[in-house]
Amino acid sequence: MSKTKTHRTNVTGRKRKTGPRQRMLDACNGCPAKCCHDLVMHITKPRTRDDIDELKWELQYDTVRVFIVNYRWHRIIAGRCMYLDEDNFCTIYDRRPKRCREHNPPDCEHYGEFYDVMISTPEELDEHLGRKPAG
Ligand code: SF4
Ligand code: SF4
C-alpha cells in the first residue's frame, strides 16, 4: 500500500542485507514489510461523470483499490517492490528512495487502520458517491 506519513505510502527502511540480519527499526519486527507492498498514489476525488467513469474502469481490476483518509483520496495498486527479497528484507537499504526513508513506524499500516473508507469495486464507488450504478 505506498505513500506524507499520514498517507501510509508504501515504502520504508527495513534492515540491512549484509551483516547480522537485524531490523534497523525494532518497531518493524514481526511485520512482513507491508509498506513495501502495494503502491499507493494520491488522486483527486472524482467529481465529473468522466472522472467517475475512469475510476470505475480502474476498479474493475482486482489489483486496484481506492482508499480515503482525512478526506484525501488514494489509489492502491497491489504489488511488491522489486528490491524486497524473499525474506522481506530491503536489498538496497542504504540507497532506498526518499519515500522509503520517510515512512516509519508507528505511523504506518502495520499499526492500525490507515484509511477511513476503502473502495474495492465500481459498485462500491457508486455507493460511496451516492450514485445509482449504471445499467
Ligand atoms: S512496521 Fe510499518 S514501517 Fe515497518 S515494515 Fe511494517 S509497515 Fe513498514
Ligand atoms: S526500496 Fe526497499 S524500503 Fe523501499 S519499498 Fe523497496 S524494499 Fe521497501
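**Figure 1. Overall make-up of the chain.** The chain holds 3 helices and 4 strands. The model is predicted. Along the sequence, these elements follow the pattern β-α-β-β-α-β-α. Of the 135 residues in the chain, 23% are buried.

**Figure 2. The open sheet.** The 4 strands form an open sheet with the order β1-β3-β2-β4. Pairing in this sheet is antiparallel. The edge strands are β1 and β4, the latter spanning 117-119. Each edge strand pairs on one side only. From one strand to the next, the twist averages 25°. Strands of a sheet pair through backbone hydrogen bonds, in either a parallel or an antiparallel manner.

**Figure 3. The pairing of β2 with β3.** Strand β2 covers residues 64-69. It is joined to β3 by 6 bridges. The two strands run antiparallel. One residue pair can be picked out here: Ile68 has Trp73 in β3 as its bridge partner.

**Figure 4. The surroundings of ligand 1.** The ligand is surrounded by 14 residues. The closest are Cys28, Cys31, Cys35, Cys108 and His110. By class, the shell has 7 nonpolar, 4 polar and 3 charged residues.

**Figure 5. Cys90 in its loop.** Cys90 is found in the loop between β3 (72-80) and α2 (98-101). Cys90 counts as buried because 23 C-beta neighbours lie inside 10 Å, and the cut-off for a buried residue is 20 or more. Cys90 and Ala33 are 57 residues apart in sequence. In space, the C-alpha atoms of Cys90 and Ala33 are 8.9 Å apart.

**Figure 6. Lys34 ahead of β1.** Lys34 sits in the segment before β1 (37-43). Lys34 is partly exposed, because 19 other C-beta atoms lie within 10 Å, while a buried residue needs 20 or more. Lys34 and Asn88 are 54 residues apart in sequence. Their C-alpha atoms are 9.2 Å apart in space.

**Figure 7. Two contacts across the sequence, shown together.** This view returns to the residue pairs of the two preceding legends. Cys90, from the loop between β3 and α2, is shown with Ala33, at 8.9 Å from C-alpha to C-alpha. Lys34, from the segment before β1, is shown with Asn88, at 9.2 Å from C-alpha to C-alpha. Cys90 is buried, whereas Lys34 is partly exposed.

Note on methods:
Residues are numbered from 1 along each chain as its sequence is written. Chains are lettered from A and ligands numbered from 1 in the order in which they are written. This is a predicted model: local features need pLDDT of at least 70, side-chain atom pairs count only at pLDDT 80 or more; totals for chains, interfaces and linings use all residues. A residue is near a molecule or strand if its C-beta atom, placed from the backbone, lies within 6 Å of it. Ala, Val, Leu, Ile, Met, Phe, Trp, Tyr, Cys and Pro count as nonpolar, Asp, Glu, Lys and Arg as charged, and the others, Gly among them, as polar. A residue is buried if 20 or more other C-beta atoms lie within 10 Å of its own, exposed if 12 or fewer, and partly exposed in between; C-beta atoms are placed from the backbone. Two strands pair if DSSP finds at least two bridges between them. Axes are lines fitted to C-alpha atoms, for helices over the stretch in contact, and angles run from 0 to 180 degrees between N-to-C directions.
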